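We will go stop by stop.

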Amino acid sequence: MENCNKKIHHTIFDDVFRTMVEKLPHLLIQVINEVFCKDYEEDTPIISLMNEHMELNGEKVITDACVRIGRATYHIECQSTLDGTIVLRMFEYDFVIALDDIQEVNGRYKVTFPKSAVLYLRHSGNTPDTLTMEVELAEGNVVMYSVPLIKVQDYTKDEIFQKKLLFYLPYYILRYENTLPAIEKEKTERLKLQQEYESIIKNIYDTFTEQEAVILCELIIRIVDYVAEKEKKVRKEVDRIMHGQVLELAGERGERKGREMLMISLIRKKKDKGYSIEEIADALEVEETKIEEMYTFLEKYPKDTVQEIWDKMQE
């Protein structure tokens, strides 16, 4: 859940999670249905609530996803590493979320905790299905606070599409994280992974609008590039599949647009690795002046897709 002001850093996993919440919020509906045994329709209105909350001491707390469906509030955090203290932070976050919606009933204040869950991107055999904590009140009453864990790696590609849990797709590569070095060395294993992503891209374009598909493909590419940073062949083959579809659509609208979108995508990949403008220009063998504008737009709009960056550059 690397996302609170108190934490030292955030990760690419947080960035991708928040981008999906912002640009594809309806994907959370099936996650909520799965975790909380609900039956909301796919087109059910979902309202994104503010993610910044103030504690009583004035400190700011930033949550990953806080949404409302009907009268119910849902809070979901993204966690990429095993953390024994996460239940404490969840309780803290849920408390400040509840304070934002405090009500006075018959002269007494009433706080209602949101329905919460943690999206666990990595887990071990010892990871529980539920986080629990006892809360002992002053008079001695004990309340059990519990939060379900969503173990993303447990879901196969087929299960993701059958259950329409498409929010998990950018993190699918993590199922292979521990075996990527072996896959990198074996052509037959790389072919199997390639076929997995070819199936994913086909299902994405059968399921989403073109704009939504482009957003999701780019987020998948960002996570694959990060997780498979040391596996050049794996990264190149998955990128080719995902980029190929995105740029094919762009190419249908004009050769110049396709070239420029490809350049924006390449610059973003280098920028995410910490390259400067000078270093990117040297790596791509182009003049600095040709990439400065794209680099500036990527800095100004870090959550935008390549398509959205290109559109803004035309304004």
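This is a predicted model: local features need pLDDT of at least 70, side-chain atom pairs count only at pLDDT 80 or more; totals for chains, interfaces and linings use all residues.

**The whole chain**

Start with everything shown. The protein chain has 315 residues, and 48% of them count as buried. Now think about contacts between residues at least 6 apart in sequence: 60% of these join residues at least 24 apart.

**Stop 1: Asn33**

Select helix H2, residues 27-36, and pick out Asn33 within this helix. Is Asn33 buried or exposed? Asn33 is buried, because its relative accessibility is 11% and the cut-off for buried is under 20%. Show Tyr40 next. A polar atom of the Asn33 side chain lies 2.9 Å from the backbone oxygen of Tyr40. Leaving aside neighbours within four places in sequence, Asn33 is in contact with Lys38, Asp39 and Tyr40.

**Stop 2: the largest pocket**

Select Arg68, Arg71, Thr73, Asp101 and Thr112. Of the 17 residues that line the largest pocket, these lie nearest its centre. How much space lies in the largest pocket? The figure is about 400 Å³. Now colour strand S4 (65-69), strand S5 (72-79) and helix H3 (86-100). Each of these elements supplies at least two residues of the pocket lining. By residue class, the lining of the largest pocket divides into 7 nonpolar, 4 polar and 6 charged.

**Stop 3: Glu134**

Move to strand S9, residues 130-136, and select Glu134 there. Glu134 is exposed, because its relative accessible area is 58% and exposed means over 50%. Then set a distance from the C-alpha of Glu134 to the C-alpha of Ser146. The two are 12 residues apart in sequence and 8.7 Å apart in space.

**Stop 4: the largest cavity**

How many cavities of 30 Å³ or more does a search of the whole structure find? There are 2. Go to the largest cavity, which holds about 40 Å³ of space. Select Ile215, Glu218, Leu219, Arg222, Arg268, Lys303, Asp304 and Thr305 to see its lining. Which helix gives the most to the lining of the largest cavity? Helix H7, residues 210-227, does, with 4 residues. The lining of the largest cavity divides into 2 nonpolar, 1 polar and 5 charged residues.

**Stop 5: helix H11**

Select residues 288-300, which form helix H11. This helix has 13 residues and reaches 18 Å from its first C-alpha to its last, close to the 18 Å expected at 1.5 Å a residue.

**Stop 6: helix H12**

Finish with residues 306-313, helix H12. Why is H12 described as largely enclosed by the rest of the structure? The reason is that 6 of its 8 residues are buried. Select Val306, Gln307, Glu308, Ile309, Trp310 and Met313 to see the buried residues of H12.

Conventions
Residues are numbered from 1 along each chain as its sequence is written. Side-chain values use heavy atoms; hydrogens and water are left out. Buried means under 20% relative accessible area, exposed over 50%, partly exposed in between (1.4 Å probe, protein chains only). On a 1 Å grid over the protein atoms alone, a cavity is a set of points where a 1.4 Å probe fits but cannot get out, and a pocket is an open set with protein on both sides within 12 Å along at least five of seven lines; lining residues have an atom within 4 Å of a point. Grid points are joined across faces, edges and corners, and a volume is the space filled by probe spheres set on the points. Ala, Val, Leu, Ile, Met, Phe, Trp, Tyr, Cys and Pro count as nonpolar, Asp, Glu, Lys and Arg as charged, and the others, Gly among them, as polar. A polar contact is a pair of N or O atoms within 3.5 Å; within protein, one must be able to donate a hydrogen and the other to accept it, and residues adjacent in sequence count only if both atoms are side-chain atoms. Contact means heavy atoms within 4.5 Å. The expected span of a helix is 1.5 Å times one less than its number of residues.
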